[in-house]
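Hi everyone, thanks for making time for this. I'd like to walk you through a structure that may be new to you, so please have a look at it before I go on.

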Amino acid sequence: MDLKLSGKVAVILAGSAGIGKGVAEVLAQEGCTIAICARSKDRLLNTSDFIQKKYSVEVFSKIVDVSNAIDLDEFLEDVIERFKVIDILVNNTGGPKTGKTTELSNNEYQDAYELVLMSKVRASKFVVPHMVKNGYGRIINIESTSVKCVLDNMTLSNVFRSASVAFSKTLSREVVQHGIRVHTIMSGAVMTDRLTELGEIAANNEGITFEQWKQKAQSSTPMERFGDPLEFGNLVAFLASDKSDYMTGTCIAFDGGILTTIT
């Protein structure tokens with residue numbers, strides 16, 4: 001299927017590894033010009049070089065902490081200055097600190113608010129005027145299945161990812177007449193560094209090895225495996241294309257069928 005994304009400019013926040021890298025790869029394969037940011041210089045440069053060489057597309061990258069408003073704005077301004085448009089925005093972030101509701105400090109709540117919620121609010125507010133001017137745009141927020149079924153010890157993710165979904169749905173209704181479509185993807189277990197980090201914590205708490213935890217966690221999903229970042233990227237590419245033009249404001253699970261909720 002030709003998704004007709006060739007020549008589109010796609011911005012992927014936190015795009016140097018994991019889901020973000022998978023999304024950047026698939027969009028590059030579809031012919032998009034890519035702009036990615038991340039905090040790790042070495043990983044960012046390696047990913048940028050890899051995508052540019054493998055898919056023969058232009059890649060712009062910059063070291064950015066997306067929870068920092070100034071850094072994020074400067075990155076997006078650089079993208080506009082360089083490419084003149086932003087057609088696709090993929091709002092992705094690292095995960096916030098784990099912990100229980102009363103054990104987390106107020107500062108940790110504030111940090112998660114800036115990282116998980118406000119980075120997406122700020123990036124969306126930046127790109128919307130440009131997308132309105134062009135009469136076209138796609139904004140895709142990457143969240144977690146915790147917005148449907150809260151996860152233990154994941155208070156900050158539960159709270160601020162749910163808020164992001166509400167923002168995404170509200171925004172989708174405000175911009176739909178301008179040719180802009182807004183979506184949320186709820187990620188389940190996808191094989192990333194973040195999943196490994198959480199798995200190691202869980203394994204330690206249970207007194208088992210990471211490999212034992214991984215085997216048990218995979219067998220608990222209906223598909224008995226974790227997802228792949230490139231598979232995730234395929235879903236993003238579809239939502240970014242005109243093939244999904246009659247869809248907006250959706251909240252779609254990418255979870256191997258693990259959610260048991262009906263809606």
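This is a predicted model: local features need pLDDT of at least 70, side-chain atom pairs count only at pLDDT 80 or more; totals for chains, interfaces and linings use all residues.

You'll find Lys84 in the loop that links helix 3, residues 69-83, to strand 4, residues 88-91. Is Lys84 buried or exposed? Lys84 has a relative accessibility of 62%, so it counts as exposed, given that the cut-off for exposed is over 50%.

Asn153 also has a positive phi, near 65°, and is a residue other than glycine. Asn153 belongs to the loop between strand 5, residues 137-144, and helix 5, residues 155-175. Its relative accessibility is 32%, and so Asn153 counts as partly exposed.

Now let's turn to helix packing. In general, we describe two packed helices by the angle between their axes and the distance between the axes.

Let's begin with helix 1, residues 18-29, and helix 2, residues 41-55. Their axes come within 10 Å of each other and cross at roughly 25°. Because of that angle, helix 1 is roughly parallel to helix 2, as angles under 35 degrees count that way. Their crossing is right-handed. Who meets whom? Helix 1 brings Lys21, Ala24, Glu25, Ala28 and Gln29, and helix 2 brings Thr47, Phe50, Ile51, Lys54 and Tyr55. Sorted by class, this contact holds five nonpolar, two polar and three charged residues.

While we're in this part of the model, look at Ser16. Ser16 sits in the loop between strand 1, residues 9-12, and helix 1. Its relative accessible area is 5%, so Ser16 is buried. Setting aside neighbours within four places in sequence, Ser16 is in contact with Lys21, Cys37, Ala38, Arg43, Leu44 and Thr47.

The next pair is helix 3 and helix 4, the latter spanning residues 106-134. These two pack at an angle of about 30°, and their axes are 10 Å apart. How are they oriented, then? Helix 3 and helix 4 are therefore roughly parallel to each other. Helix 3 passes helix 4 in a right-handed crossing. On the helix 3 side, the contact is made by Ala69, Leu72, Asp73, Leu76, Glu77 and Ile80, and on the helix 4 side by Ser119, Arg122, Ala123, Phe126 and His130. Here the residues divide into six nonpolar, two polar and three charged.

My last stop is Ser244, in the loop between helix 8, residues 229-240, and strand 7, residues 251-254. With a relative accessible area of 1%, Ser244 is buried. Not counting residues up to four places away in sequence, Ser244 touches Phe238 and Leu239. A polar atom of the Ser244 side chain lies 3.1 Å from the backbone oxygen of Leu239.

Methods. Residues are numbered from 1 along each chain as its sequence is written. Side-chain values use heavy atoms; hydrogens and water are left out. Helices (H or I, at least four residues) and strands (E, at least two) are DSSP runs, numbered from the N terminus. Buried means under 20% relative accessible area, exposed over 50%, partly exposed in between (1.4 Å probe, protein chains only). Contact means heavy atoms within 4.5 Å. A polar contact is a pair of N or O atoms within 3.5 Å; within protein, one must be able to donate a hydrogen and the other to accept it, and residues adjacent in sequence count only if both atoms are side-chain atoms. Axes are lines fitted to C-alpha atoms, for helices over the stretch in contact, and angles run from 0 to 180 degrees between N-to-C directions. Angles under 35 degrees count as roughly parallel, over 145 as roughly antiparallel, 65 to 115 as roughly perpendicular and the rest as oblique. A crossing is left-handed if the near helix is turned anticlockwise from the far one by less than a right angle, and right-handed if clockwise. Ala, Val, Leu, Ile, Met, Phe, Trp, Tyr, Cys and Pro count as nonpolar, Asp, Glu, Lys and Arg as charged, and the others, Gly among them, as polar.
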